[in-house]
Amino acid sequence: MIYEGSCHCGNIGFEVEVEGEFSEALDCNCSLCRRRGGLLAFVPREKLVLKTPNENISTYTFNRHVIRHHFCATCGIAPFGEAVGPNGAAMASINLRCIPAIDLGALKVTAYDGAAH
């Protein structure tokens, strides 16, 4: 299934393809995610297609600077991030709150202790 998502103002738009549907999300408690309130799902980076110019993306890194947290400089919303997974593959973390077609109430949400890392 292909989902369309964006930041609030539409300055950053994307499509993400998954087998089936998104049914689970992580609620991370690291210092950034706790403040931003995203619900995250992870996909191989090649499954995420940016529909707007790269110039529309602002990026923030912190701690070990291994995750590129992308956000919109206009509206402040963070629709996705990029990093390398434990297996060495390029991954994208999708903020499921940025995909209007997803029923957030139907997701199985699991707490993740990102603050411990």
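Predicted model: local features only at pLDDT ≥ 70, side-chain atom pairs only at ≥ 80, totals over all residues.
Let me begin with His 70, which lies in strand S7, the run covering residues 68-72. If we leave aside the neighbours within four places in sequence, the residues in contact with His 70 are Ile 57, Ser 58, Thr 59, Ala 78, Pro 79, Phe 80, Gly 81 and Glu 82.

For a contrast in accessibility, please turn to Asp 113, which is found in the segment after strand S10 (108-112). Is this residue buried, partly exposed or exposed? At 42% relative accessibility Asp 113 is partly exposed, because that class lies between 20% and 50%. The side chain of Asp 113 makes a polar contact of 3.2 Å with the side chain of Asn 29. Along the chain Asp 113 and Phe 71 are 42 residues apart, and their C-alpha atoms are separated by 22 Å.

Now to the sheet. Here 3 strands form an open sheet, in the order S1-S2-S5, with antiparallel pairing. Strand S1 (2-6) and strand S5 (48-50) are the edge strands, each of them pairing on one side only, and from one strand to the next the twist averages 25°. Between S1 and S2 there are 5 bridges in the antiparallel sense, and Tyr 3 has Val 16 as its bridge partner in S2. These two strands form a hairpin with 6 residues between them, and in the turn Gly 10 has a positive phi of about 90°.

On the S5 side, S2 and S5 run antiparallel and are joined by 3 bridges. The bridge partner of Val 16 in S5 is Leu 48, while that of Glu 15 is Val 49. As a general point, in a regular strand the side chains alternate between the two faces of the sheet.

Which residues does Thr 52 contact, leaving aside its neighbours within four places in sequence? Thr 52, placed in the loop between S5 and strand S6 (57-60), is in contact with Gly 10, Asn 11, Ile 12 and Gly 13. Two polar approaches involve its side chain: the Thr 52 side chain reaches the backbone oxygen of Asn 11 at 3.4 Å, and a polar atom of that side chain lies 3.1 Å from the backbone nitrogen of Gly 13.

What does Ile 94 touch, if residues up to four places away in sequence are not counted? Its contacts include Phe 14 and Val 16, then Leu 39, Leu 40, Ala 41, Val 43 and Leu 48, and also Pro 79, Phe 80 and Ile 99. Two of these names bring us back to where we started, for Pro 79 and Phe 80 are also in contact with His 70.

Terms used. Residues numbered from 1 in each chain as written. Heavy atoms only, no water. Contact = heavy atoms within 4.5 Å. Pairing = 2+ DSSP bridges. Helix = DSSP H or I, 4+ residues; strand = E, 2+ residues; numbered from the N terminus. Axes fitted to C-alpha atoms, helices over the stretch in contact; angles between N-to-C directions. Buried < 20%, exposed > 50% of the residue type's maximum accessible area, 1.4 Å probe, protein only. Polar contact = N/O pair within 3.5 Å; in protein donor to acceptor, adjacent residues only side chain to side chain.
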